[in-house]
Amino acid sequence: PLVEQWMGLVRDGNHEREPGQLDEVLSDLGPMPSPSNPEELALWIAALINPLPALGVAPEIRPAMLEAEDASERLEIVRLGLEKSISHLDKSRPLW
C-alpha cells in the first residue's frame, strides 16, 4: 500500500519533472518483485523512489541501501524513505 500511495501522490500532485517520468521509470524497472523475494523488492522500491534522473521528492536512500547488510535492513530503509517522501508529498512534513 505504501508504494501505491506514493505513486498516487507523485502523479496527482504533478511531481514528475517531465510528463510520463514515473511511467518511464516503472517501464525500466519492470514488474514489482513479490514480497517473497524481499531483497529484490527493497532494491526495486529504492530504484523507484530514487530514480535517475531524480524526481526530487524522496530522501536519498541509495548509499544506505548499498551499506545495508541484509534484506530486512534494506526493507526498513525503503519503508522509512517511502514514509518520509509521502509526508513530504502530502505536505504534512516537508523535507525541505
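**Close-up 1. Salt bridge between Arg-74 and Glu-39 in the predicted model.** The side chains of Arg-74 and Glu-39 form a salt bridge, with an N to O distance of 2.7 Å; a salt bridge is defined as a side-chain nitrogen of Lys or Arg within 4 Å of a carboxyl oxygen of Asp or Glu. The pair connects distant parts of the chain, since Arg-74 belongs to helix α5 (residues 71-89) and Glu-39 to helix α3 (residues 38-49), 35 residues apart. Helices (H or I, at least four residues) are DSSP runs, numbered from the N terminus. Arg-74 is buried, at 12% relative accessible area, whereas Glu-39 is partly exposed, at 27%. Buried denotes under 20% relative accessible area, exposed over 50%, and partly exposed the range in between (1.4 Å probe, protein chains only). The structure is a predicted model, in which local features need pLDDT of at least 70 and side-chain atom pairs count only at pLDDT 80 or more, while totals for chains, interfaces and linings use all residues. Residues are numbered from 1 along each chain as its sequence is written, and side-chain values use heavy atoms, with hydrogens and water left out.

**Close-up 2. Surroundings of Arg-74.** Leaving aside residues up to four places away in sequence, Arg-74 touches Glu-39, Ala-42, Leu-43, Met-65, Leu-66, Ala-68 and Glu-69. Contact here means heavy atoms within 4.5 Å. Among these neighbours is Glu-39, the salt-bridge partner of Arg-74.

**Close-up 3. Salt bridge between Arg-11 and Asp-23.** The side chains of Arg-11 and Asp-23 meet in a salt bridge at 2.4 Å, N to O. Arg-11 lies in helix α1 (residues 2-12) and Asp-23 in helix α2 (residues 21-29), so this pair ties together parts that are 12 residues apart in sequence. Arg-11 is partly exposed, with a relative accessible area of 33%. Asp-23 is likewise partly exposed, at 44% relative accessibility.

Close-up 4. In the salt bridge of Glu-83 with Arg-79, the closest N and O atoms are 2.8 Å apart. These two residues, Glu-83 and Arg-79, are 4 residues apart in helix α5 and therefore separated by about one helical turn. Glu-83 is partly exposed, with 33% relative accessible area, and Arg-79 is partly exposed, at 31%. Salt bridges with shared partners join Glu-76, Arg-79 and Glu-83 into one network. Across the whole structure, the search finds 5 salt bridges.
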